[in-house]
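Q: Please take a close look at one part of this model. I would like to see how it ends, what surrounds it and how its neighbours pack.

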Amino acid sequence: MRIRIEEEIYTGTPREIMKQIWENSFDKAQFPDLEGYIRHLCEAFTRMTDVPCKKEPDIEAQAKELLMALADIDALEVLSNG
C-alpha cells in the first residue's frame, strides 16, 4: 500500500504505515504500543465524523480499515492498494 498525507508519502502494509505515523507522533508516551494507537485513532475518527470505523479482529485489518476510512473523507490519498 502507498498513501500520501499532505506532502509525505508512506509505503508498506497498513500496519507498517501506521507504525511510521505512530513513530512520528508528538505524544508517543500516551500510546505505548501500536495497537492502542490505532484503536484510539479509529475511535476518535468515529467520534469526530460520525462515520463508523469498523472494529476488526487483528491489528493489520484495523489499520487498513482506518486508512480507508480516512481516504473516504479525503484526509489522505491512496496511491496504490496492493
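Which residue follows helix 2, and is its phi positive or negative?

A: Asp 50 follows helix 2, and its phi is positive, near 60°. Helices here are DSSP runs of H or I with at least four residues, strands are runs of E with at least two, and both are numbered from the N terminus. This is a predicted model, in which local features need pLDDT of at least 70 and side-chain atom pairs count only at pLDDT 80 or more, while totals for chains, interfaces and linings use all residues. Residues are numbered from 1 along each chain as its sequence is written, and side-chain values use heavy atoms, with hydrogens and water left out.

Start with Asp 50. The residue sits in the loop between helix 2 and helix 3. Asp 50 counts as exposed, at 68% relative accessibility (buried means under 20% relative accessible area, exposed over 50%, partly exposed in between, with a 1.4 Å probe and protein chains only).

Now the helix itself. Helix 2 has 16 residues. From first C-alpha to last it reaches 22 Å, close to the 22 Å expected at 1.5 Å a residue (the expected span is 1.5 Å times one less than the number of residues). Its buried residues are Leu 34, Tyr 37, Ile 38, Arg 39, Cys 42, Ala 44 and Phe 45. An α-helix has 3.6 residues a turn, so residues three or four places apart point the same way. The cover over the buried residues of helix 2 includes helix 1 and helix 3.

Take helix 1 next. The axes of helix 1 (residues 14–23) and helix 2 (residues 34–49) come within 10 Å and cross at roughly 90°. Helix 1 is therefore roughly perpendicular to helix 2. Axes are lines fitted to C-alpha atoms, for helices over the stretch in contact, and angles run from 0 to 180 degrees between N-to-C directions. Angles under 35 degrees count as roughly parallel, over 145 as roughly antiparallel, 65 to 115 as roughly perpendicular and the rest as oblique.

Which residues meet there? Helix 1 brings Arg 15, Met 18, Lys 19, Ile 21 and Trp 22. Helix 2 brings Leu 34, Tyr 37, Ile 38 and Leu 41. Contact means heavy atoms within 4.5 Å. The residues of this contact divide into seven nonpolar, no polar and two charged (Ala, Val, Leu, Ile, Met, Phe, Trp, Tyr, Cys and Pro count as nonpolar, Asp, Glu, Lys and Arg as charged, and the others, Gly among them, as polar).

Then helix 3. Helix 3 (residues 59–72) has 14 residues and reaches 20 Å from its first C-alpha to its last, close to the 20 Å expected. At its start, a side-chain oxygen of Asp 58 reaches to within 3.1 Å of the backbone nitrogen of Glu 60. Just after helix 3, Asp 74 takes a positive phi of about 65°.

Ile 59, Gln 62, Ala 63, Leu 66, Leu 67, Ala 69 and Ala 71 are the buried residues of helix 3. What covers them includes strand 1 (2–5), helix 1, helix 2 and strand 3 (77–80).

Look at Gln 62 of helix 3. Its relative accessible area is 1%, so Gln 62 is buried. Leaving aside residues up to four places away in sequence, Gln 62 touches Ile 38, Arg 39, Cys 42, Cys 53, Lys 54, Lys 55 and Glu 56.

From helix 1 come Pro 14, Arg 15, Ile 17 and Met 18. From helix 3 come Ile 59, Glu 60, Ala 63, Lys 64, Leu 66 and Leu 67. By class, this contact has seven nonpolar, no polar and three charged residues.

Last, back to positive phi. Glu 6 has a phi near 55°, a positive value in a residue other than glycine. Glu 6 lies in the loop between strand 1 and strand 2 (8–11). Glu 6 is exposed, with a relative accessible area of 71%.

How values were computed. A polar contact is a pair of N or O atoms within 3.5 Å; within protein, one must be able to donate a hydrogen and the other to accept it, and residues adjacent in sequence count only if both atoms are side-chain atoms.
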